[in-house]
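Here is a short briefing for a first look at this structure. It starts inside one chain and then moves to the contact with its neighbour.

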Amino acid sequence: MTMVSRLWCQKTWQNLALAKVLGKEPKTFSTLVQLKTDEAIDDNDSQAQTNDELIKSPSLGNYRLVYPEFLPDPNPLFRNGIREKLERMDMLNRRSVLSIPEFYVGSILAVTYSDPHAVGKINKFVGICILREGCGLRSSFLLRNVVNGEGVEVHYDLYDPAIQKIDCLRLEKRLDDELLYLRDAPLEYSTFPFDMEIEAKISESIPVNDIKIPLNPLPWSQRWERYNLKGVKEIVVNERRQKKAAALAKPWEKYDLMKTYRETIPEEEQNEIFSDVYTKLNELEIQKNILKRKYMLQRQKSSKTRTL
Amino acid sequence: MFVPGTLFNVVSRSVSTSTVCNQIIKLTRLRVVDNSEIGKAAMMEGKPPRCIHVYSKTGVGYIGDRVLVAIKGEKKKGILVGLKQRQNAKVPRFDSNNVVLIDDSGTPLGTRIHVPIPHILRTIMRKNTHSKGADYTKLLAIATKFV
């Protein structure tokens with residue numbers, strides 16, 4: 001009896017599977033068609049919506065680039081809605097006291113901070129930002145400069161209460177997201193004078209410095225041939241290392257939708273976060289612009305008097 | 001089936017692939033950054049001194065720790081004044097592991113330090129100095145630049 005019933009079960013299962021396979025094909029087609037039509041409708045709707053959004057928030061689009069630390073860590077293990085919200089409030093409070101300028105990896109920054117170890121309890125460091133990491137109150141950046149022929153790097157927390165002033169002396173981007181290879185480049189490429197002045201902003205968009213930097217001969221601190229760096233002149237390594245780099249390269253990763261999904265915050269969530277902080281940030285930005293204009297006018301005046 | 005894998009393992013075993021140890025331990029090469037005769041000669045010769053002892057409980061040297069170095073066949077004491085490893089926020093990290101040679105009383109052997117010195121070293125040196133022991137703050141007097 002049991003044998004018979006089992007056989008019967010198997011047969012029906014196979015039939016069902018077949019039916020499923022058969023059923024899938026027309027369905028997939030139908031979904032495709034449906035999706036297409038949906039998109040078409042969405043397009044019409046979204047145009048109107050985007051127009052509304054544009055009026056409401058003209059620069060919400062580039063907020064994720066200007067204020068990357070407002071976006072939480074995409075790893076779901078570290079997510080906590082309440083903590084993120086509280087952190088955002090703290091960040092805004094800090095930003096209302098200290099004007100943190102817009103800067104990117106490759107920009108030159110000057111940080112003035114109170115240092116209990118320094119002579120006047122105040123210290124200043126100027127350098128190129130070679131790394132920006134972390135999110136929320138833990139976000140930090142790494143500055144590099146060469147002092148007396150010795151490479152020096154200082155790591156700062158962006159929301160450190162000891163920081164008195166952050167100035168962006170030269171606002172620009174480089175071709176790479178991290179400039180850690182400057183450690184293995186000739187020193188002249190990371191040398192910046194400590195008495196640099198703030199450069200006047202010329203264009204509205206952020207200029208990209210497409211300088212190509214040659215690396216020192218081996219040994220290096222990291223295997224740079226594996227990183228697909230754009231801001232480095234041709235990397236010369238032996239054949240074995242080239243082969244290894246080629247074997248470890250993952251050119252398909254840019255097509256991995258799940259990977260990008262896992263490593264980024266979805267757009268809807270971003271909009272939610274930034275609409276939360278938009279009004280306050282906008283206010284602060286306006287204040288900052290006024291101050292900046294005042295500073296530039298003062299400098300122009302002083303330079304004129306100097307020339308006279 | 002396993003022959004190529006094992007063969008590769010055997011071949012690759014002869015090559016050391018451990019990561020760089022970014023700590024000052026025994027036998028770490030250091031860079032003398034003052035203008036003492038012995039230090040300059042050793043660096044010119046291309047034989048930088050080796051740390052042969054770290055005067056700390058853990059045996060790992062951090063910024064401001066005293067070390068014993070083997071330099072040109074002699075034993076000298078030194079103070080670590082700049083490290084390559086990752087530091088706390090606001091403490092500078094340098095491109096080389098720097099040491100300044102001192103004698104037993106804490107007096108530096110040279111008269112100038114030609115690289116920047118972290119500000120935090122002032123506090124550390126003052127803390128390490130006791131009224132009856134060695135005076136390490138003399139090192140700060142010969143520094144040219146603080147970062």
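In chain B, take the contacts between residues at least 6 apart in sequence: 53% of them join residues at least 24 apart. The model is predicted. Of the 147 residues of chain B, 41% count as buried.

**Build of chain B**

- Chain B holds four helices and six strands.
- Read from the N terminus, its elements follow the order α-β-α-β-β-β-β-β-α-α.

**The sheet of chain B**

- Five strands of chain B make an open sheet.
- Their order is 1-6-4-3-2, and the pairing is mixed.
- At the edges lie strand 1 (31–32) and strand 2 (50–54) of chain B, each of which pairs on one side only.
- Strand 4 (residues 74–82) and strand 6 (residues 98–102) of chain B are paired antiparallel, over five bridges.
- K77(B) has I102(B), in strand 6 of chain B, as its bridge partner.
- As a rule, strands of a sheet pair through backbone hydrogen bonds, either parallel or antiparallel.

**Extent of the contact between the chains**

- The size of an interface is often given as the accessible area lost when the parts come together.
- Between chain B and chain A, the buried area is about 1900 Å².
- Carbon and sulfur atoms give 51% of that area.
- Three residues, K90(B), R93(B) and D95(B), supply 34% of what chain B buries against chain A, more than any other three residues.
- Chain B brings 21 residues to the contact, and chain A brings 23 residues.

**Polar and charged links**

- Four salt bridges are found across the interface of chain B and chain A.
- One of these links K90(B) to D160(A), with the closest N and O atoms 3.2 Å apart.
- Across the interface of chain B and chain A, 12 residue pairs are in polar contact.

**The side of chain B that touches chain A**

- Strand 5 (93–94) and helix 3 (120–128) of chain B each supply at least two residues of this side.
- Helix 3 of chain B gives the largest share, three residues.
- By class, this side of chain B has eight nonpolar, six polar and seven charged residues.

- Which strand of chain A is joined to strand 5 of chain B? Strand 4 (residues 150–157) of chain A is, through two bridges.
- These two strands run antiparallel.
- V152(A) has F94(B), in strand 5 of chain B, as its bridge partner.

Terms used
Residues numbered from 1 in each chain as written. Chains lettered and ligands numbered in written order. Predicted model: local features only at pLDDT ≥ 70, side-chain atom pairs only at ≥ 80, totals over all residues. Heavy atoms only, no water. Contact = heavy atoms within 4.5 Å. Buried area = accessible area lost by both parts, 1.4 Å probe. Salt bridge = Lys/Arg side-chain N within 4 Å of Asp/Glu carboxyl O. Polar contact = N/O pair within 3.5 Å; in protein donor to acceptor, adjacent residues only side chain to side chain. Nonpolar A, V, L, I, M, F, W, Y, C, P; charged D, E, K, R; others polar. Pairing = 2+ DSSP bridges. Buried < 20%, exposed > 50% of the residue type's maximum accessible area, 1.4 Å probe, protein only.
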